[in-house]
2 protein chains.
Amino acid sequence: MAVNFPSIDPAALHPVAGVTLGWAEANIRKPNRKDVLVIRVDEGASVAGVFTQNRFCAAPVIVCREHLAAVGKGGKGIRALVVNTGNANAGTGEPGMVIARETCAELARLAGLDAQQILPFSTGVILEPLPIDRLKAGLPAALANQENAHWFDAAQAIMTTDTLPKAASRQVTIDGHVVTLSGISKGAGMIKPNMATMLGFLAFDAAVAQPVLDQLVKHVADRSFNCITIDGDTSTNDSFILIASGKSSLPAITSTDSPAYAALRDAVTDVAQELAQLIVRDGEGATKFMTVTVEGGKDAAECRQIAYAIGHSPLVKTAFYASDPNLGRILAAIGYAGVTDLDVGKIDLYLDDVLVAKAGGRNPAYKEEDGQRVMKKSEILIRVVLGRGNATATVWTCDLSHDYVSINADYRS
Amino acid sequence: MAVNFPSIDPAALHPVAGVTLGWAEANIRKPNRKDVLVIRVDEGASVAGVFTQNRFCAAPVIVCREHLAAVGKGGKGIRALVVNTGNANAGTGEPGMVIARETCAELARLAGLDAQQILPFSTGVILEPLPIDRLKAGLPAALANQENAHWFDAAQAIMTTDTLPKAASRQVTIDGHVVTLSGISKGAGMIKPNMATMLGFLAFDAAVAQPVLDQLVKHVADRSFNCITIDGDTSTNDSFILIASGKSSLPAITSTDSPAYAALRDAVTDVAQELAQLIVRDGEGATKFMTVTVEGGKDAAECRQIAYAIGHSPLVKTAFYASDPNLGRILAAIGYAGVTDLDVGKIDLYLDDVLVAKAGGRNPAYKEEDGQRVMKKSEILIRVVLGRGNATATVWTCDLSHDYVSINADYRS
C-alpha cells in the first residue's frame, strides 16, 4: 500500500564509525519479531534530541529529557539508546517511570555504564504496563549482536504498524572530508508534528559541540519530522535523536556560523526529510502522497496553520483518496484554519500546475478534467498562494482511505 | 446507519402560527428531489442568526449578514428565507454574490417584498457555479405550496448527505401561555462548531424584541450546534436562524432578565440541542453516539479544547468504531489538546461509570472487560475530570467508520 516507497538496499546504508546497533526478539507484545533495539555510541560522541509536546508524554520521554539535561550540566555523555516496540509505556503513571528507569539501570549494568548514560524509548499501545521482565531478558541478545552495519535490521526492530522498514543514508564531502550519515525512522499513524508516534534516530560521524548539536536537532526537526501529518494525532512518545560520533576527520564544528556547519546542517536536513517522508509514504492506508505548500503569508506560522488545516481535513483527504477534484474542500479548510484576518479574495489555489481557484473564486479557465488528471497521480502538490507577504511553509501528508479505518479499528486485536 | 435516531412523526411537528413553509423540486443538482425551501414569516416577526466563522464563507452567508444588519439599522423586517441544496454557492467569488442577490430579488418580486427582507441559504458542493435559472424557476412552486404544517417536508427539502430528515418540536407553557416551537436541521459531514455544513431553522410563536433575540441565538448556538463535531471540518455555509413570530398570547419578551425569558431560553435550547444531536446521530457513517464531557477545568474554553481534541481524534473515533477499549488514545488526545500547563497526574478518565484512568495512570482496579462492555454500547459517555477548577464543557460526536470514507470519497459522483 505504501506510496512510491523506494526500495531500500541494506548494503547502501553506510555504517557510521563509532555507532553500533543490535536487536533482540523479546516477545514484548508478539512473538517472533524484532522488538528491542540497542544503539551503542562510542565515548566522546554528542547526542541531542527533541521530543513530543504531548502533556501525556510517556515515561521514557521524561527519562530521556532528564538524562540529556544531566549531560548539559556536565554529566557523563550518552553512550547507549534502548528502544522497545509493542508497548508505549505511556499513561502508566509512576509505575511506568519506575520501569523506564529500571530499563536504563539494567542496560547500564550489562554494558558497564551509568544509568544516566542511557536514553530509553518505547512505542506501541498506551495505558498498559510494559512487561519489564521480557524487555530486560532481551537486552543481552541486543548487546551481543552489535554491528555498525546493522542499520536495516535496526529499522526493522522499531516498526509497529509500519509496513516497511525506513532508513536513509548519505555520504557528503565537507571541506574535503567525507562525512557519513545514516538514520532510521518509524511511524505510520498518530502522526502530527510536535511530534507523532514516530521515532527517528540519525547518526553521523562529524564531531559537533553539544550546544551546536542542540540547535541543529531543532532546526532539522522543524524542517522534517515536524512537517508531516497523517491523522493529526500527536503521540505521547515521539522522539528524534541526533548522534554525532566525531569519528570523521572533519575538524569539530563548534559554531553555527561556519560553512562546515551549513553544509552538515543541509545534509542532515536532507536525510531527515527523507526519513520523515518515508513515514508519510507508509502512512496507515495511504494511497497518495501530498505536498501542501502555502506561500505568500505574513509569517511562517500562519502558512503552517493553513497547510496543516488542509493536511488534516478528513474531507480533503477522502477526496484525494477518491481522485475526486472536489477542491472546494481545500478552500473550506483554508477558511477555517484560524487566520482570522485572511482576505480570501486574494487567494490562488494550484493543484500541481493547474490554477483551480483565482482571487478566491473558481478560475474561469479551470476545467474539471485538468483537476481530474492531477488527482489521479500518486504524488500531488497542493499549492496555496495567500498574496499577503513572503513567508512560506510546507507540510507532507497522505490521503484517508478505507484501510486507515481498518488498520486503526484493528490495531490492538 | 443512524445511531438511535428517533422516529419522527410528521404529525407531531406543531405548526407555528405566523410561519409557513413550501418546497420545490428544482433540479439544482439531481432530479426528483425537494431541493428548494421557502419559509415565509408574517409581518412583525423578529429573526436572528449566527453564521460560520469560516473565512471562505459562502455568498449567501454574506448576504444574510447584510440583510440582518439592515434590519438592525431600522430597515423592514425579514419576511422570507430561501434555501437550496445541491450547491453551496461558496468559493464562487463575485459571480456567487450576484447569484445570491439575484435569488433574493426574484423571490422579493414574486412575493411582493423588498430583496433586503429575504435571507438566502445554500448547501452542497463548493466551488461550482449555482444554476440560478433552475433555482429561480423553482420559486413559484415553493411559494404555491406554503403551509404551516409543512415542517417535515421542509426537513426533507434541506437534506444533502443526510439519510434522514431532522426535526423537533415542543409546546411549553410560560406564564400560563402556550408557546409552540418547531425546528429543522441538516448536516452530516463537515461538522464542527463555528459552525458545520449545517443549517438549522427554529421558529416559535413568542414575541421577542430584536436585541433579546440576537442574544438568545448566540446563547442557544453555543449550547447546541456549536457543541457537535463529526469530522472537524468547519463549513463555508453554516447558519442557525431563530424566528420569533410573535403570534402567541405571551406578552412580548423585551429583556433577558425576566423569568419568561429564562423559560423560553431553556425551551429553545432544548429543541436546538435535539436538532444538533440528530445531526450527530445521522453523522456520515456513524455507528456510535458519544458524549464527551470534560469537568474540573479552570475555564470552559480549556474544557472545550480538550473535549474537541477527543471528539476529533481519528484514532479515538476508529477505536470506538471497533468497540476496542484502546483508551490510551483518549489520554493522548487530552495531552495534545494544547492546554500547556495541564498536570496529567490529576486526570481521571471514565467511560460511562467505569474509572479507566486515575491520577494520570491506569486505574489498578480497571478491567479490560469493563471497558469492553461500555465500548459495545451505541451511546457512550466519555468523562474526563481535570481536577483543576470548576468549569465544564460537553461535545457530542460519533465514531469514524468505513462508511465515512465511502460517503466522502463518493459524494460528488
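**Surroundings of a threonine in chain B**

In this predicted model, B:Thr291 is in contact with B:Ile380, B:Leu381, B:Ile382, B:Thr394, B:Val395 and B:Trp396, leaving aside residues up to four places away in sequence. B:Thr291 belongs to strand β11 of chain B, which spans residues 289–297. B:Thr291 counts as buried because its relative accessibility is 17%, and the cut-off for buried is under 20%.

**Confidence of the prediction**

- The average pLDDT of chain A is 91, and 95% of its residues score at least 70.
- Residues 191–196 of chain A have a pLDDT that stays under 50, and the model gives this stretch 41 contacts beyond four places in sequence.
- Where pLDDT is low, the predicted coordinates should not be read in detail.

**Helix α10 of chain A**

- Helix α10 of chain A comprises residues 368–375, and its residues A:Gly371, A:Val374 and A:Met375 are buried.
- These residues lie on the same side of α10(A), because they cover an arc of only 100° around the axis.
- The cover over the buried residues of α10(A) includes helix α8 (314–321) and the strands β12 (348–351), β13 (354–358) and β15 (379–385) of chain A.

**Salt bridges**

- Over all chains, the count of salt bridges is 38.
- A:Lys166 and A:Asp162 form one of them, with their closest N and O atoms 2.7 Å apart. Both A:Lys166 and A:Asp162 are buried.
- A salt bridge also joins the side chains of A:Asp266 and A:Arg265, at 3.1 Å from N to O. A:Asp266 is partly exposed, with a relative accessible area of 45%, and A:Arg265 also counts as partly exposed, at 23% relative accessibility.
- In chain B, B:Asp341 pairs with B:Arg388 in a salt bridge whose closest N and O atoms are 2.9 Å apart.
- B:Asp341 is partly exposed, with a relative accessible area of 42%, whereas B:Arg388 is buried, with a relative accessible area of 19%.
- In chain A, salt bridges with shared partners connect A:Lys298, A:Glu302, A:Asp341 and A:Arg388 into one network.

**How the two chains are arranged**

- Chain A is superposed on chain B by a rotation of 180° with 0.0 Å of shift along its axis, and the RMSD is 0.0 Å. The two copies are therefore related as by a two-fold rotation axis.
- Among the residues of chain A, A:His402 comes closest to the rotation axis, its C-alpha being at 2.7 Å.
- Both copies use the same surface, since 98% of the contact residues of chain A recur in chain B.

**The interface between chain A and chain B**

- At the interface, 59 residues of chain A are in contact with 58 residues of chain B.
- The two chains bury about 4700 Å² between them, and 61% of this area is on carbon and sulfur atoms.
- How many salt bridges cross the interface of chain A and chain B? The rule finds zero there.

Conventions
Residues numbered from 1 in each chain as written. Chains lettered and ligands numbered in written order. Predicted model: local features only at pLDDT ≥ 70, side-chain atom pairs only at ≥ 80, totals over all residues. Heavy atoms only, no water. Buried < 20%, exposed > 50% of the residue type's maximum accessible area, 1.4 Å probe, protein only. Helix = DSSP H or I, 4+ residues; strand = E, 2+ residues; numbered from the N terminus. Arc of directions from axis to C-beta. Contact = heavy atoms within 4.5 Å. Least-squares fit on C-alpha atoms with pLDDT ≥ 70 in both. pLDDT = per-residue confidence, 0-100. Salt bridge = Lys/Arg side-chain N within 4 Å of Asp/Glu carboxyl O. Buried area = accessible area lost by both parts, 1.4 Å probe.
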